[in-house]
Amino acid sequence: MKLRSKAAALLLLALAALLLALLSLRAGRSEPPAPPGHPASAPQRHPAPLPARPPGSRALPGARPRAPRRRPPRPRPRAGRRGAGSLDKLARRPGQLRSVHAVLPPELWIHLAVVACGNRLEETLVMLKSAVLFSHRKIQFHIFTEDSLKPEFDKQLRQWPDSYTKKFEHRIYPITFSVGNPQEWKKLFKPCAAQRLFLPVILKDVDSLLYVDTDVLFLRPVDDIWKLLRQFNSTQLAAMAPEHEIPKIGWYSRFARHPFYGSAGINSGVMLMNLTRIRSTQFKNSMTPTGLAWEDMLYPLYQAYRNAITWGDQDLLNIIFYFNPERLYLFPCQWNYRPDHCMYGSNCREAEREGVSVLHGNRGVYHDDKQPTFKALYEAMRDFPFQDNLFQSMYYPLQLKFLETVHTLCGRIPQVFLKQIEKTMRRAYEKHVIIHVGPDHTH
């Protein structure tokens with residue numbers, strides 16, 4: 001019995017010693033090693049600190065802490081100036097309306113110029129309204145007008161709702177001509193229309209500019225036509241649309257008594273310009289063997305062709321780009337869609353495919369009944385209350401009005417007029433409901 005009890009005691013002592021050895025080995029592995037006395041051959045990686053537990057939470061006994069999840073690092077924007085393309089990607093908080101108006105530096109604003117004289121006040125305001133209604137970037141309006149119209153422009157623009165006035169700033173200029181006889185220039189074709197020829201000289205601090213006639217309506221964001229500046233090659237400094245798509249029925253190809261651009265001429269009612277390039281270029285011409293600067297060329301050009309031109313400043317622009325065709329970027333007719341594109345039958349394929357982007361109601365069609373489709377669009381834009389729903393207060397009534405125009409050639413293709421503006425309104429609606437109101441409040 002004594003031998004058995006001794007053996008049992010020795011066995012218990014051996015098991016206790018083994019257990020103590022195992023425990024000490026485990027404790028030694030869990031303790032961090034002592035700092036070495038010499039530099040390590042490889043850098044030591046330290047584990048990320050564990051996140052603090054929220055107050056009141058208790059860890060389970062014996063439970064091992066979970067390693068924290070690592071989020072992929074967000075790419076940091078490169079240093080330098082923001083390009084126009086990166087502005088649409090500015091970060092915003094969830095539920096916040098995407099807007100760059102507050103952060104957009106002035107050098108990245110859109111610059112829009114118009115010349116208004118006589119009875120063009122209402123028409124000009126409707127054009128400016130169409131520009132602001134759908135724009136994303138902030139716009140600087142440059143309004144050239146007679147002294148008698150300045151107070152009314154100021155008054156009307158300041159009455160617009162704050163949500164729209166924050167999208168633009170405006171400046172009003174007098175009608176001035178830096179060379180030649182001012183009275184001659186003022187009476188050339190339409191009152192004050194020749195002022196557009198002097199914009200590169202007057203707006204010396206503006207790099208690029210979009211000029212439009214007063215009878216223009218934007219059916220999509222001005223940002224989209226502004227992006228065409230990126231399409232210019234190294235020599236191009238202005239962009240316009242052809243006067244006609246079919247030369248054999250175009251005016252210039254049949255009646256012009258002076259040189260004109262291309263096979264059908266160009267229309268200057270919508271004109272995109274790189275003013276910096278215009279100011280620094282020497283233009284070829286028929287008057288001197290060497291090139292002339294823009295300002296130095298204007299009056300001699302007018303004097304040389306004054307008895308041959310019919311459409312005033314537009315004819316002079318056709319002559320300039322006849323001698324300098326490499327300087328012009330020709331954009332499609334959807335950016336300057338006029339009655340000529342449908343009153344003889346539809347002849348603007350880009351508008352048939354994508355819809356009208358910029359409507360140009362020349363020939364006075366907004367104010368008579370010769371082209372009721374154009375008049376309907378103008379009145380819908382004029383009468384739209386700023387804060388109303390675009391579809392309910394503009395688009396649906398416009399569809400009903402178009403039903404009354406199907407007896408006309410332009411009225412037979414309502415989809416050409418409605419396609420782009422419907423797309424623009426839908427985007428504006430989705431932007432307001434999904435981004436501004438938020439997806440959780442749309443049901």
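Modeller: Cysteine 342 has a relative accessible area of 1% in this predicted model, and because anything under 20% counts as buried, cysteine 342 is buried. Its partner is cysteine 410, and the sulfur atoms of the two lie 1.9 Å apart, forming a disulfide. This pair links distant parts of the chain, since cysteine 342 sits in the loop between strand 8 and helix 12, whereas cysteine 410 sits in the loop between helix 14 (390–403) and helix 15 (414–437), 68 residues apart. Cysteine 410 is also buried, at 1% relative accessibility. The torsion about the S-S bond of cysteine 342 and cysteine 410 is about 85 degrees, so this disulfide is right-handed.

The structure holds three disulfides, and another of them joins cysteine 333 to cysteine 348, with an S to S distance of 2.0 Å. Both of these cysteines lie in the loop between strand 8 (328–330) and helix 12 (349–354), 15 residues apart. The torsion about their S-S bond is about 100 degrees, so the link of cysteine 333 and cysteine 348 is right-handed.

The remaining disulfide joins cysteine 117 to cysteine 192, S to S 2.0 Å, and with -95 degrees about the S-S bond this link is left-handed. Cysteine 117 belongs to the loop between strand 1 (110–116) and helix 2 (121–134), while cysteine 192 belongs to the loop between helix 5 and helix 6, 75 residues apart. Cysteine 117 is buried, with a relative accessible area of 5%, and cysteine 192 is buried at 0%.

If the bonded cysteines are numbered in sequence order, the pairing reads 1-2, 3-5, 4-6.

Conventions: Residues are numbered from 1 along each chain as its sequence is written. This is a predicted model: local features need pLDDT of at least 70, side-chain atom pairs count only at pLDDT 80 or more; totals for chains, interfaces and linings use all residues. Side-chain values use heavy atoms; hydrogens and water are left out. A disulfide is a pair of cysteine sulfur atoms within 2.5 Å. Helices (H or I, at least four residues) and strands (E, at least two) are DSSP runs, numbered from the N terminus. Buried means under 20% relative accessible area, exposed over 50%, partly exposed in between (1.4 Å probe, protein chains only).
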